[in-house]
Amino acid sequence: MQLGAQLRAAARFVSPLSFLCRRALALTGIAARGIAARGIATQVTAAKLAAALGLHIAAAVLAAPDALAAEPGSPAVTAEVERLVSRAREKRLAERPMWWRLLHYRSGLFGVASEVDAGHFFNAPDGKAEPEAELEATLRGFFSPGPSDDGIQHPFCRFPARLAWLNAELGFDFGVLPRQPCPRFEEFKARVDPESISLIFSSYFLNNPASAFGHTLLRLNKKRASDDESRQALLDHGINFGANVDTGNAVLYALKGLAGMFAGEFTNVPYYFKVREYNDFESRDLWEFELELSPREVDMAVAHIWELGSALFAYYYLSENCSYQMLGILEVASPRIDLMTKLGWPVLPVDTLRAVADNRGLIRTITYRPSTRVQFRHRLADLDANEAELVFRLGEDPDALLPRGASVERQMAMLDTALDLVAFRSAKELLDPASEASERSQRLLSRRARLGVISPRLEIPIPALENPLSGHERARLDLGEGYSTRSGFFHALDLRLALHDWSDPSAGYPETLSISFLPIRLRHYIERQRLQLEQVSLIAITSLVPMDVFDQSISWHAHVGAERIRDDGCDDCFAGVIEAGGGVAGGVLDNGLLAYLNFNTALVGLGPIEGGLGDLPLRIGIGPRAGLRLRPAPTLVGTLRGDLQYLPAQTPTFTWAASATLRWMYRHDFALSLEAQAHPSGESLQAASTVYF
Amino acid sequence: MRTLHVRWSVLICGLLLASSGFAQDEESKEGETAEEAAEPAAEGEAAAEGEAKVSDDELVKGMKTNTGRGYGPAGCGLGSLIFEPNSGFTQIFAATTNGTFGSQTFGISSGTSNCADTGGGSASAKSFVETNRTALAKDVARGQGETIESLSRLGGCADARAVGASLQRNFDKVFPSAAMSDSEVGSSVVDALRSDATLACNSLI
């Protein structure tokens, strides 16, 4: 990977946490070996005593030599293991890509380091940084007496993927070498029982920063007893990687998440938990990508998942996050799959999806699982205006009267729609059986059940334009020319690292969502021979929820960055900006036309500001922000935005800004852009060629 | 330049102080963090021993019911499993559900917990109903749905459609009230399936 990964590797090396980990592992490693050696001596003595008693002479004489030969730690076993170790050295297995994939080794600024930070993942005390030492310790560990603590698995059982691969490479002779029974791993395999694996993508969710860029997990799809049995996806097992968040403080949450200070681990959750969590509780769609993997590859993935259960990772929100870890599992499943090399920085869930899609034929089928909110909208579309009005009433009063002449089918349609309305609108309250929403829902459910008819299945066609794979790439580069009334002609360069703003074509992304991560805008004024930084931001988010009778959620925006101010108070000066606000939004024509009106608060500081608050170089402004977006076609988008700010007790008292954009994506990931800006001190117009990469 | 650095530092410190002022109940969480940070090796060990060591009294870290009580292995209802943030500032960021649903219950190596059993039979059917209670109630009211099909599979029932029709007919008996706990609803549904012999739910006997 790139600089980001190397810096992290460096940080991990010198971090005190990593040091503590290594010390702890060293101590437990040494301790385990010592205790085990004493245990074996006791067993051999007991065997000799039994033979001497005479009652079991025959059995002992017959069994003893074989038992001794296959005994971990016996001379025959040790010799065989050392033979394997030297053959592994000859074949240089520790340098093989598959060994690196199994151990999650990465090459960095300070050398090699595994991404695993803690847990019982390594057999060698320096296993985290020494692939060869780890491989040899693993081989020896497989056929050693093992840890004395019953709670810790024997390496033979703890690392089934490593076992399978090393066996395939070296050929273990189980006539000489002992096998260990692995009941816990067998039980896990029986429980998940997969015939295929799916990669699940949960759509963007701005109410939770961990989900702002979406989320991915793996699903182990169960074998069916017979071919005509239908798939029961709810009963499949999901493998999820997440951070153990231990703080409620938002700033700490952000800092810890970015700096890798949360411990991340894998969990195994029945898929129905995820469906309830995403579809119902958070109203997020789920996209399910079933992967083309052979039975052996599926087995290898399951074996590696078991190994990862013994690992703790530092969770880095921007790189080693949920979606990244899923790829690690798939890469172990098969050497033919190439995923990590396709990733840049930051690693977003959609990037990992694309990496999978880039492996031709790896995606077998795509399934769409809409959220309750989408199901509601779909049902609503089948009702006429009067019926929609009645659904609204039913949502408030479950006993609302339905028209006397309404057929059973129409009553059923209205009640079914109302059920979905209550479900998505009151998702949180419904978790509490004692809540008022639960009571209302109960009455509505009972009324629907009493109707006695069985609803037809709700069929929702896959919205191809919402498939996350169909979207533009997440980084955007604009190169162009422009003219400003103040400073003349200029060259322009705009670069945004991720992800999508509402001036971009909307396929693959929610239309009402805007996330800009690390955008930077540069201009080079030709006449003045000056290169100027126009804007650089950490993050700019706008989340719109078009309001209607059924949904009155607030739209909001937030922005942290620095930009050039262009009015009397701070003409052409560069200052830091923090702004946030909320308001209402509306959309018509299937969100082809979106508009919002937000109240905005802006704090401007840390620049050569004149006329600020008191004598400080600080400006506080409040006022409305309005925006309009027109999308005549998925590839053609126009936007308009205006800000008006009142600056109490400051100069100037009022300031304003306006901008308009037009973008036409004439070819996937290539576009032409036009942008106009207006400020108190002048206007500018810019035309650029845009590429997404 | 220097004053600029000073200003930035003051701003950042101010933000940190202000935001820690918003957080409540931090002490217990901070204590856990310090402990966790100091013993990452022990943490991995605990996860491996999970099956043997989790007692009825042990609470899943960070998981709280919306009544503020801790979640123990006794219930699988979603209400008791969703992490409830109690800091005002984090109410803006909804429940961190992307994260682990509690690694002691759902750890890879920690064995079958009550709530992760999808193997079939009464216990797994009951857990399923507890977690899927609201979605199942909706499907039953409609007489069909994915949760009914999955429930039918867990119960070993002959025909999911018959199960749906039967439960819909008996909706008021099976789901008598909203205030009934998830666990009681689980028992109620399983009993209803068991008592209707025409459904032939062989795994529930």
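In this predicted model, A:Leu199 stands opposite A:Phe289, a residue of strand 8 of chain A.

Strand 4 of chain A, which spans residues 194–202, is mostly covered, with 8 of its 9 residues buried.

From strand 5 of chain A the pairing continues to strand 6 (residues 237–243) of chain A, again in the antiparallel sense, here over 3 bridges; in this pairing A:Leu218 stands opposite A:Ile239 of strand 6.

These pairings can now be placed in the sheet to which they belong. In general, the strands of a sheet pair through backbone hydrogen bonds, either parallel or antiparallel. In chain A, 8 strands form an open sheet with antiparallel pairing, in the order 3-9-7-6-5-4-8-10. Its edges are strand 3 (116–119) and strand 10 (363–369) of chain A, each of which pairs on one side only. On average, and with direction ignored, neighbouring strands of this sheet are turned by 30 degrees against each other.

Helix 11 (residues 271–281) of chain A lies across several strands of chain A, namely strand 4, strand 5, strand 6, strand 7 (262–270), strand 8 and strand 10. Relative to strand 7 of chain A, helix 11 runs at about 110 degrees.

Key
Residues numbered from 1 in each chain as written. Chains lettered and ligands numbered in written order. Predicted model: local features only at pLDDT ≥ 70, side-chain atom pairs only at ≥ 80, totals over all residues. Buried ≥ 20, exposed ≤ 12 C-beta atoms within 10 Å, placed from the backbone. Helix = DSSP H or I, 4+ residues; strand = E, 2+ residues; numbered from the N terminus. Pairing = 2+ DSSP bridges. Axes fitted to C-alpha atoms, helices over the stretch in contact; angles between N-to-C directions. Contact = placed C-beta atoms within 7 Å.
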